[in-house]
Amino acid sequence: MAAGCALVLGACTAPVAFNRSTDQLQVVTTTGILADLTRNVGGDRVVVDSIVPDNADSHVYEPSLRDVRNIVYADVAFSNYLLLEAQNVIKALDANLRDGVPNIALAERASKYAAEIIPLVEDVSLDTIWLGLRVRGTGAQRGADRASDVLVSATDVSGPGDLVAYLTESFGDPAFYVNSADGFDPSDGYRDDTATLPPAAHTHMSWAFTAPGVYRLTMSAKLRVAHDARPVDLGTQTFTFAVGVDPHSATGIPAPTVLAAGHADISADLDTGRLYLYADPHGGGDVNQEVYDPASTVIEVPAKALKEVPAGRGYRFLGRPGQQVYQLPQAVLGRHVHGEIDPHLWQDVGNAQAYVELIRDTLTAVDPAGASTYRRNAERYLGELSALDAYVAETIASIPPPQRYLVTTHDAFGYLAHAYQIPVAGFVTPNPAVEPSIADRRKLTETVRNLRVRAVFLEPNLAARSSTLAQVAEEQQRRVCPIYGDAFDDTVTTYVQMMRVNADSLKRCLT
């Protein structure tokens, strides 16, 4: 096999046949992306074959007899794993490799090389900001102690629908903190829309909105140092929510700070006498939270928070069963968003660099005589990837934030979103092997319409199974543009080319 074919073209059209007589290191990979990374590190000392061919879907591919034969002769095997590949691909690899041949799952080991990993969200509607109430400060100068009460009240809500903030108790019954459906009664001190909290309290709850649009919630806080004491006013503030619409332009706040992830609390400060948002938009907990001014901050309730009201009398306050509402979920009950790792690490170029370092070290361990070649090739390629990372970041950053939304075939671009600040607004299904439901289609349509998304993005290798995305785009008169996720094709044949094409496609179609 000619090395020039691998390094210059990135992929060879002729099938690779491993054998016993070659002097080159024979490396089998599960995908073309991993094969390209390996060729760039191995150079002319390696011959590489990918089990899953270009234009195929790694999630469902069935290995051929030729694939099994090459696995038998392989000196090294690289998979991505974390359940990216079809189980039969992994079984073929594990069952047919000779004893002692390194069998490296790159995604699982890349964290040792500083790869950044993110959780695979089982229920994407839970992957939103976690919003609650908090009491900060001691209030000692006001005479407060641990027996004091802090009253946080909703006094008004404006918006296109109802706003309900509630806590799901142990047996599933809701406890309400705010419910705009029955109005607000100042004559009884807003009793039905008041949370009574002790000093230093912190609680999360679910927030539901019955229609998309901009909501403004006015809240006040008072400190009651003793049960018979007159409450002390701690201030009033209005908090803005962008529900299923673009948070950058829909609210009328110029250049707002948008809180879309992490932990956040509407906080009453006993020491300063202020109400404000106390948030950590990047996750990490209390130690990373900072104060945000409600006047210049928007809390995003994204399109992916759209849920159907479940059956059961306990949820009638949200609407009829099957009716759609937007909901920020309660963080402390139900399914937790942290779960298995998203396997699509290479969509962040920094993670692809970690793969390259792991490939370099594995090849060196198997073929010590080639150490200098592998090191030199890796250094060159890592420099190329650093330039690629900067290009992707700069290109995507040039898309105006109100237009920077990604709607795709399936949930494969979490790393791209995380690394380059382009939110995944929606996708057809979490897994391309799963047929989209009517609810999936309805949610996708609402997302495209309400966010005024300019284009949707289709993976070429999944085009045959992506009629839903194309139909929604046609109905909403949106462009359909290419984006590459798991596989190359006849046009895009290298990882560097793939990431550049993706960045250029995003900029061209969204601006």
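Colleague: How many bridges join β23 to β24, and do they run parallel or antiparallel?

Modeller: This is a predicted model, and in it β23 and β24 run parallel and are joined by four bridges. Pairing requires at least two bridges between the strands, and the four found here meet that requirement. Within the pair, Ala-455 stands opposite Arg-479 of β24.

Colleague: Which residues point each way from strand β23, and are they buried or exposed?

Modeller: From strand β23, residues 455-458, Ala-455 and Phe-457 point one way while Val-456 and Leu-458 point the other way, and all are buried. In a regular strand the side chains alternate between the two faces of the sheet.

Colleague: What makes Cys-481 and Cys-509 a disulfide?

Modeller: The sulfur atoms of Cys-481 and Cys-509 are 2.1 Å apart, and the cut-off is within 2.5 Å, so the pair qualifies as a disulfide. A search of the whole structure finds one disulfide. The torsion about the S-S bond of Cys-481 and Cys-509 is about -105°, and the disulfide is therefore left-handed. Because Cys-481 lies in strand β24 (residues 479-482) and Cys-509 in helix α11 (residues 495-510), the pair ties together parts that are 28 residues apart in sequence.

Colleague: Why is Cys-481 called buried, and why does Cys-509 count as buried?

Modeller: The limit for buried is under 20% relative accessible area; Cys-481 has a value of 4%, and Cys-509 is likewise given as 4%, so both are called buried.

Colleague: Why is Ser-505 called buried, and which residues does Ser-505 touch?

Modeller: Ser-505, which lies in helix α11, has a relative accessible area of 1%, and is therefore buried. Leaving aside residues up to four places away in sequence, Ser-505 touches Phe-457, Cys-481 and Pro-482.

Colleague: What makes α6 roughly antiparallel to α7?

Modeller: Helix α7 spans residues 371-397, and α6 and α7 pack at an angle of about 175°, with their axes 10 Å apart. Angles over 145 degrees count as roughly antiparallel, so that is the term for α6 and α7. The residues that meet include Val-349, Gln-353 and Glu-357 in α6, and Tyr-374, Ala-378 and Tyr-381 in α7.

Colleague: What is the strand order of the open sheet of four strands, and which are the edge strands?

Modeller: The order in this open sheet is β2-β1-β3-β4, with parallel pairing. The edge strands are β2 (46-50) and β4 (103-105), since each pairs on one side only. Direction ignored, neighbouring strands of this sheet are turned by 20° against each other on average. Strand β1 (residues 25-29) and strand β3 (residues 76-79) pair in the parallel sense over three bridges, and Val-27 stands opposite Val-76 in β3.

Technical notes
Residues numbered from 1 in each chain as written. Predicted model: local features only at pLDDT ≥ 70, side-chain atom pairs only at ≥ 80, totals over all residues. Heavy atoms only, no water. Helix = DSSP H or I, 4+ residues; strand = E, 2+ residues; numbered from the N terminus. Axes fitted to C-alpha atoms, helices over the stretch in contact; angles between N-to-C directions. Buried < 20%, exposed > 50% of the residue type's maximum accessible area, 1.4 Å probe, protein only. Parallel < 35°, antiparallel > 145°, perpendicular 65-115°, else oblique. Contact = heavy atoms within 4.5 Å.
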